[in-house]
Amino acid sequence: MGAIYLVRHGQASFGAEDYDRLSERGIRQSEVVGEELARRGVKFAQARCGSLSRQRATAASALQVLGGPPEIGEDPRWNEYDHVDIAKHHGGGISQDSADPRAFQAALDQALVDWVLAGHDSPCAETWPAFFDRVSGALAELAGALGKGQDGVVFTSGGVIAVLCGALTGTPEAGLVKFNRVTVNGGITKLVSGRGGVSLLSFNEHAHFSGEAEVLLTYR
């Protein structure tokens, strides 16, 4: 069977004017991801990333370390949900505050639940059903593009990975919050693809951020 590696982007710039930019730590996390994939000796037939800056920068740093991967295909279907829009319409208007990221995360978790429950009636630019459909479609397209035994890699975001893992274990709605809450920056999730479809093999691997590299371990 072939495998699909879902890599969460490196740490973004929470609380900064431009959130969609890797922090200094995020850049190093991306390089370590590339080193880890190289250590595994994985050869990718397909590579994808979303169109967000933090996703593209993570892909560029990681693949540069790998050397000789296929040209990466940019696909906005791998983009994260718009957390600012969701928090505005379902979280009481709370904004990002670099001084208290945990308070924002708690509010966002509840906003995500409300967003899911609102379904097509959400006032957000993208509803939960639309988000789920686009990320599911992106995964199906990639799986279909892989030949027998071929591997693919995607550089995406925590919410996308959480929803797909939730769907593969039967609960996409619950997965959105529960998996998303614990995904680490630069974490690696591995799916296997074969005749029986796509299955979850491992979630959120981050042993590459242990030992001396433990200082690189972040969740937000």
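This is a predicted model: local features need pLDDT of at least 70, side-chain atom pairs count only at pLDDT 80 or more; totals for chains, interfaces and linings use all residues.
Leaving aside its neighbours within four places in sequence, Leu176 is in contact with Tyr81, Leu112, Trp115, Val116, Trp128, Phe131, Gly159, Ala162 and Val163.

**The cores**

Leu176 belongs to the largest nonpolar core, which has 30 residues. Together with Ile4, Trp78, Trp115 and Phe131, Leu176 touches the most other members of that core. Strand 1, helix 3, helix 4 (101-118), helix 5, helix 6 and helix 7 (172-182) each give two or more residues to this core. Which element gives the most? Helix 5 does, with seven residues. Apart from this core lies another, of 20 residues, and among them are Val33, Ala47, Leu63 and Leu216.

**The aromatic residues**

Let us turn to the rings. The structure holds eight aromatic pairs. One of them joins Tyr81 and Phe131, and because their ring centres are 5.8 Å apart and their planes stand at 70°, the pair is edge-to-face. Why does this pair tie together parts that are 50 residues apart in sequence? Tyr81 lies in the loop between strand 3 (73-74) and helix 3 (83-90), while Phe131 lies in helix 5 (residues 128-145), so the pair links those parts. Are Tyr81 and Phe131 buried or exposed? Both are buried. They also share one aromatic cluster with Trp115, Trp128 and Phe132.

**The sheet and its helices**

Six strands form an open sheet with mixed pairing, in the order 3-2-4-1-5-6. Strand 3 and strand 6 (197-205) stand at the edges with a single partner strand each, so one side of each is left without a neighbour in the sheet. Strands of a sheet pair through backbone hydrogen bonds, either parallel or antiparallel. Here, strand 2 (residues 44-49) and strand 4 (residues 151-156) run parallel and are joined by five bridges. Gln46, for example, has Gly152 in strand 4 as its bridge partner.

| Helix | Strands touched | Angle between directions |
|---|---|---|
| Helix 2 (residues 53-66) | strand 1 (2-8), strand 2, strand 3 and strand 4 | about 140° with strand 4 |
| Helix 6 (residues 158-168) | strand 1, strand 4, strand 5 (188-194) and strand 6 | about 130° with strand 6 |

Methods
Residues are numbered from 1 along each chain as its sequence is written. Side-chain values use heavy atoms; hydrogens and water are left out. Rings of Phe, Tyr and Trp (its six-membered ring) pair if their centres lie within 6.5 Å; planes under 30 degrees apart count as stacked, over 60 as edge-to-face and the rest as tilted. Helices (H or I, at least four residues) and strands (E, at least two) are DSSP runs, numbered from the N terminus. Buried means under 20% relative accessible area, exposed over 50%, partly exposed in between (1.4 Å probe, protein chains only). Two strands pair if DSSP finds at least two bridges between them. Contact means heavy atoms within 4.5 Å. Axes are lines fitted to C-alpha atoms, for helices over the stretch in contact, and angles run from 0 to 180 degrees between N-to-C directions. A nonpolar core is a set of buried Ala, Val, Leu, Ile, Met, Phe, Trp, Tyr and Cys residues joined through side-chain atoms within 4.5 Å.
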